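Reader: Please take me through one part of this model closely. I want the strand pairing and the aromatic contacts around it.

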Amino acid sequence: MPPIQSLNSTRLNPVDSLDATIIVDNAIDILLPSDERAKRPPLTWDWSEKPQLIAEHGYSVLLTVHRNGEAKSILYDAGLSQETATHNLNVLEIELENVEAMVLSHGHADHHGGLEGMLRRIGRKKLPFVLHPDAWRDRKIVFPTGTEIHMPPPSRKLLEDKDVQILEESGPTLLLNGSILVSGQVERTTSFEKGFPFQQTSRNGKWEPDPWIWDDQGIICNVKGRGLVVISSCSHSGVVNVLRNATRITGVEKIYAFIGGLHLTGGTFEKIIPETIEELKEISPNVIVPGHCTGWKAAHQISRALPEAYVQTSVGTHMLFQ
């Protein structure tokens, strides 16, 4: 069967299990212990003589679904730097022979900077590459201090040169024979999650406000007997909107796990931490792994509010949901 199906052709199929490995994230702690939920890279006697995992301001996750005796994988985002993701894959001794698609969460550079290395590593022709049409926008972030940083879009030429199958979709997309759902554009329903007010986009040679980041999209998987596992790199839509949207488009009410960024760092977003946590407590995921742009204040408060669910992120962390 083809790796991609229209949403109308089939529902999201439950899987027997889901593996998630954090390839790129903002933090690493080699002394974090493994437990029944999170397996950390092992320590070795000669650790100081070996290449080490690298953390950076970016995100990338390798996801593998197991269903009916088959294992199939997708890559979600590629980090910021050109070689960080591939370096970490080498250190973790992870091969990508089962990768059948790539998904871009949104067009910001800290999620597509490592694409060339990842695609070179996969080496597959006509690899399906899913992104929202707005991901091509040229953007910048203008902070209240006056500092500006450029957020260039992914290179269409790079993708064409790597002979990928570019799939521009604003709505949901099913992958891996209906085992993975790319959320597409997230419906905004909360009153307090209002996008990224500092963002602008270039249109007809002029910069104009572009706060909503409609290209923000995540990954949804339904694990048998558990519920939904939702992965969202930044959650520019707002994590509550992301989780509500996941239940709406799948019809599955139970959120079992959330992995990714909650974008609650910085003065503007720290103001909505209390409202976000109250909603998260109501949703009550069994596992929550805040990473990337969540921010230390939010992570600390989430760990206190949901202590049984909280898992500390770290590059190289592997989780199995079954």
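Author: Val142 stands opposite Glu148 in S9. Four bridges join strand S8 (residues 139-142) to S9, and the two run antiparallel. Strands are DSSP runs (E, at least two residues), numbered from the N terminus. Two of them pair if DSSP finds at least two bridges between them.

This is a predicted model, where local features need pLDDT of at least 70, side-chain atom pairs count only at pLDDT 80 or more, and totals for chains, interfaces and linings use all residues. Residues are numbered from 1 along each chain as its sequence is written, and side-chain values use heavy atoms, with hydrogens and water left out.

S8 and S9 belong to an open sheet of four strands, with antiparallel pairing and the order S9-S8-S13-S14. Its edge strands are S9 (148-151) and S14 (206-209), and each pairs on one side only.

Now the rings. Phe143 and Phe198 form a tilted aromatic pair, 6.1 Å centre to centre with 50° between the planes. Rings of Phe, Tyr and Trp (its six-membered ring) pair if their centres lie within 6.5 Å; planes under 30 degrees apart count as stacked, over 60 as edge-to-face and the rest as tilted. Phe143 lies in the loop between S8 and S9, and Phe198 in the loop between S12 (180-182) and S13 (199-203), so the pair ties together parts 55 residues apart in sequence.

Phe143 is partly exposed, at 31% relative accessible area. Phe198 is buried, at 18%. Buried means under 20%, exposed over 50%, partly exposed in between (1.4 Å probe, protein chains only). Ring pairs link Phe143, Phe196, Phe198 and Phe269 into a cluster.
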